Amino acid sequence: MRRSHRTLESRRARRRASSNRARAERDRSLRQRVLILSADVGEGHAAAARALARQIEATQRAEVTVIDGLQAMGPVLRPVVEDGYRIQLRVIPWSYSIVYWLLKHVPPFRAMTRRTLCLFGSRPLARAIARHDPDVVVSTYPAVTVVLARLRRTGAVRCPTVATITDLFWAQPGIDMHMVMYGQSLAPVERIAGRGSARLVAPLISSEFLRPRCPLAARRALGLPESGRTVVVSGGGWGVGDIEGAVREFTAVPEVSAIVCLAGRNEQLARRLRRTFAEVPRVHVYGFTDRMPELLAAADVLVHSTGGVTCLEAMAAGTPVVSYGLPVGHARVNTRAMAALDLVRLAKDTGELREQVRASFASLQQAPRPDALAADAAAADVVLAVPRRVRPIPRWRLRAVAIATQLALLLAAGTWMMSTDEVAALATRILNVHPLARVKTSLPDVGVIVRMPTQSVPAVAALLASQGTHLSFADEGRVPSRATVASVRSQGDEVLPEVPGSAALRWVRTRSVLHSQARVLGLRHRFYYLQPRGGLTVGQLVLGRTAGATPVCGAQRFSATGRLPQRPTRAGDVLVVELDGSSASVAGLERIVARLAGDGLSAEPLGWLTRSPSIRASSSGERTSIVAPASSSASEAPSGIPSSGVAAKLSPNSSGASTIGTTV
């Protein structure tokens with residue numbers, strides 16, 4: 001009977017244990033799974049994550065997991081964001097101000113930053129979230145919030161998302177709910193993310209800061225003097241800002257009996273402060289500490305540099321706050337917002353710092369205004385009851401946007417390539433188009449092209465012809481009138497086609513302009529044209545080649561009113577002279593012709609030079625391989641050579657001579 005009784009009791013115990021396990025499994029299945037994404041970038045984001053996790057766990061309605069969201073976004077972003085931010089704040093804080101200003105005020109820069117974060121972090125973060133299979137995802141770091149919002153909008157994350165918000169421009173349309181801690185942030189966030197996208201919540205700080213503490217007891221526990229004033233100087237989790245300057249200022253204030261320096265995780269700063277103030281017994285240097293509730297209870301004022309969670313903890317503990325030492329980036333924005341609510345005092349220099357601290361001593365208003373930190377709800381309640389507000393974008397629309405973006409980028413790249421001369425040198429080799437620079441000849445002749453306004457061409461041509469000088473004229477890429485062409489040809493000169501400059505998208509008119517000029521000049525195929533001063537773009541090269549024309553760049557190009565080039569001119573060189581139509585520029589052209597004559601060279605039109613016997617046109621003096629057709633008719637002559645007026649200067653073999661020209 002005794003054994004039967006023991007067996008019955010053991011069976012009952014097993015049934016009770018099995019029932020308890022089943023009940024626990026059922027309760028666990030009913031509890032929500034909350035994933036909190038934080039980042040080890042300063043202490044504020046991690047402290048907010050820990051405080052939120054404790055609040056949610058205290059409700060016993062959810063299981064909470066906290067991970068480093070920046071680390072979950074892959075190995076590329078974490079060192080760039082975390083280490084770059086740390087170096088900026090410690091070494092060159094002004095550079096962070098520039099970056100923050102660009103993010104806040106320059107939408108293209110902000111969009112590019114978001115695109116970069118999503119490009120490198122979306123897939124790794126999506127995989128990390130899928131492994132935890134949460135019912136709610138919360139982000140406490142802005143860069144993680146950007147990627148999380150993108151995943152929510154694209155449907156990669158289907159559960160509701162929540163984000164703590166400090167800087168307004170980090171609000172995201174893809175976040176279901178933003179938790180803000182100042183009432184003035186509600187309206188701006190809802191303008192960005194939509195109506196009903198923000199809730200005012202109690203500050204995410206540990207409950208230890210809300211428990212009343214005796215200042216004298218806290219000072220005794222910390223080994224600080226019970227009399228006099230105690231000042232705590234903090235540089236946040238990374239120990240940034242002018243902590244040494246603040247401490248040095250307070251050493252000169254007699255009423256301050258204890259100065260506590262919080263260097264955070266900046267061990268180098270802690271060693272320097274201990275060495276600098278080794279002989280000042282009032283100075284106490286702490287590294288990273290978990291005794292902040294006691295320190296804030298013992299302090300008469302907190303001097304803080306970053307305006308982060310530490311300020312909220314101090315206000316909750318009833319300790320006045322003075323912001324000093326790092327007025328850059330989001331710290332400047334946050335501290336100004338808190339100053340507008342009379343939550344902190346601002347000090348720009350050590351003089352203002354002493355005044356603001358003494359004002360805090362005098363007032364000792366250890367409690368903020370009642371409505372300053374008033375909240376609609378606890379953060380845990382908002383997270384556990386967050387609505388599904390965001391509607392994912394349909395997949396077909398995402399694909400359409402991706403295709404449109406790629407086409408736009410391709411079009412932009414193609415337009416840039418066709419509009420720039422940066423790759424023109426490569427294009428000339430591929431297209432086998434070599435701009436004419438000089439002509440190989442056995443005669444002492446130089447081709448001279450005069451580029452000047454159209455209205456001045458006939459008069460200048462007549463003046464030079466009266467002196468026995470005949471040249472080629474180009475008219476700034478315009479289509480010359482038939483009267484101008486007839487006037488120039490009657491003087492024994494020629495008009496050379498020219499393409500307009502490549503500014504904006506003017507290169508698309510290259511073919512039509514060349515055809516219009518060739519029609520007026522009587523040219524049909526394989527003629528020369530003057531390229532713009534800055535060179536040809538790829539688009540101009542391509543369109544010029546399809547028009548059957550060869551560009552002329554010239555061996556030298558200079559202004560008639562400027563200094564003459566020091567480089568000696570050789571027979572066969574093509575010179576491009578710029579005139580503005582003034583008498584001074586015409587006199588300069590006459591001086592150039594006289595100089596050539598003094599060197600034993602004769603200035604000739606380009607058409608005369610390229611039609612002379614034993615002449616081969618080349619680029620930079622190199623021989624080319626394709627023979628251009630020779631003709632005595634004006635309609636087929638290269639460079640628009642007239643049918644009369646120059647005939648007296650042609651050699652007897654001009655009608656049958658061949659010209660070696662560049663390929664077109």
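Reply: This is a predicted model, in which local features need pLDDT of at least 70 and side-chain atom pairs count only at pLDDT 80 or more, while totals for chains, interfaces and linings use all residues. Residues are numbered from 1 along each chain as its sequence is written, and side-chain values use heavy atoms, with hydrogens and water left out.

The part to look at is strand β10, which covers residues 301-304; strands (E, at least two residues) and helices (H or I, at least four) are DSSP runs, numbered from the N terminus. In a regular strand the side chains alternate between the two faces of the sheet. In β10, V301 and V303 point one way and L302 and H304 the other way, and all are buried, where buried means under 20% relative accessible area with a 1.4 Å probe, protein chains only.

Two strands pair if DSSP finds at least two bridges between them. Strand β7 (residues 229-234) pairs with β10 in the parallel sense over four bridges, and V231 stands opposite V301. β10 is also joined to β11 by three bridges, and these two run parallel, with H304 standing opposite S323 in β11.

T319 is buried, with a relative accessible area of 5%, and its side chain reaches the backbone oxygen of L296 at 2.7 Å.

Technical notes:
Buried means under 20% relative accessible area, exposed over 50%, partly exposed in between (1.4 Å probe, protein chains only). A polar contact is a pair of N or O atoms within 3.5 Å; within protein, one must be able to donate a hydrogen and the other to accept it, and residues adjacent in sequence count only if both atoms are side-chain atoms.
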